[in-house]
Amino acid sequence: MSEPLPTREQIKAQAKRLRQAMAADGETISHSQALELIAAHHGFRDWNTLSAQLDADAPVLPGASVSGRYLGRTFTATVLSVEPVQLGAWHIQLQLDEAIDVVESEHFSSLRRRIRATIDHHGVTQEKISGGVPVLQLVLRAD
């Protein structure tokens, strides 16, 4: 699983440290070149693409109330955190209003109160359960 992206300020600080380290080794690069290298390190084509992701609006914001389906079960929840991971993808953490049982067996259960997943701009995971249904599907709800 990918780590959340650093903030714009952290990325610029990384670029500054990279420039300083390279200068100490006798190699001079511009701040723009350092940003391009940092972008590549995080898996982006270039600084402009990374910068666009940092500016992209997440499909939901922390504190929002959402509903949806997780492993085929309906839920309501509060969004605890949303962090960009890559272009068009965010790590999300949800606190469920009520625990849901994610096991179908009648012999045991596994209650879940918190969900972590990676969603796209539609609030849907790429991972699927049987029948091609996304593991997590969010629907914004108004309070």
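Helices here are DSSP runs of H or I with at least four residues, strands are E runs of at least two, and both are numbered from the N terminus. With that convention in place, let me begin at the first helix. Just after α1, Gly-26 takes a positive phi of about 85 degrees.

Some remarks on the basis of this talk. The model is predicted, so local features need pLDDT of at least 70 and side-chain atom pairs count only at pLDDT 80 or more, whereas totals for chains, interfaces and linings use all residues. Residues are numbered from 1 along each chain as its sequence is written, and side-chain values use heavy atoms, with hydrogens and water left out.

I turn to α1 itself, which covers residues 8–24. The buried residues of α1 are Ile-11, Ala-15 and Met-22. They lie on the same side of α1, because the arc they cover around the axis is only 45 degrees; that arc is taken from the directions from the helix axis to the C-beta atoms. For burial, the cut-offs are under 20% relative accessible area for buried, over 50% for exposed, and partly exposed in between, with a 1.4 Å probe and protein chains only. On the face turned away from the buried side, α1 carries the exposed residues Glu-9, Lys-16 and Ala-24. The buried residues of α1 pack against α2 (31–41) and α3 (47–55), where contact means heavy atoms within 4.5 Å.

What covers the buried residues of α3? Their cover includes α1, α2, β2 and β3. The buried residues in question are Trp-47, Thr-49, Leu-50, Ser-51, Gln-53 and Leu-54. At the start of α3, a side-chain oxygen of Asp-46 comes to within 3.2 Å of the backbone nitrogen of Asn-48. A polar contact of this kind is a pair of N or O atoms within 3.5 Å; within protein, one must be able to donate a hydrogen and the other to accept it, and residues adjacent in sequence count only if both atoms are side-chain atoms.

Next, the cores. A nonpolar core is a set of buried Ala, Val, Leu, Ile, Met, Phe, Trp, Tyr and Cys residues joined through side-chain atoms within 4.5 Å. The largest has 20 residues, and Val-66, Tyr-70, Phe-75, Ile-92, Leu-94, Leu-136 and Leu-138 have the most contacts inside it. At least two residues of this core come from each of β1 (65–70), β2 (73–86), β3 (89–101), β4 (111–119) and β7 (136–140). The greatest contribution is that of β3, with five residues. Apart from this core lies another, of 13 residues, including Leu-5, Ile-29, Ile-38 and Leu-54.

Let me look at the strands. Five of the six residues of β1 are buried, so this strand is largely enclosed by the rest of the structure. β1 and β2 pair in the antiparallel sense over six bridges, pairing being assigned if DSSP finds at least two bridges between two strands. Thr-78 in β2 is the bridge partner of Ser-65. Two residues lie between the strands of this hairpin, and there Leu-71 takes a positive phi near 50 degrees, although Leu-71 is not a glycine. Leu-71 counts as partly exposed because its relative accessibility is 23%.

Leaving out residues up to four places away in sequence, Ala-89 touches Gln-53, Glu-83, Pro-84, Thr-118 and Ile-119. His-91 is also placed in β3, and is buried at 12%. Its side chain makes a polar contact of 2.9 Å with the side chain of Thr-118.

The side chain of Thr-125 reaches the backbone oxygen of Glu-127 at 3.1 Å, and one of its polar atoms lies 3.2 Å from the backbone nitrogen of Val-135. The C-alpha atoms of Ala-89 and Thr-125 are separated by 9.1 Å, with the two residues 36 apart along the chain.

Technical notes: The expected span of a helix is 1.5 Å times one less than its number of residues.
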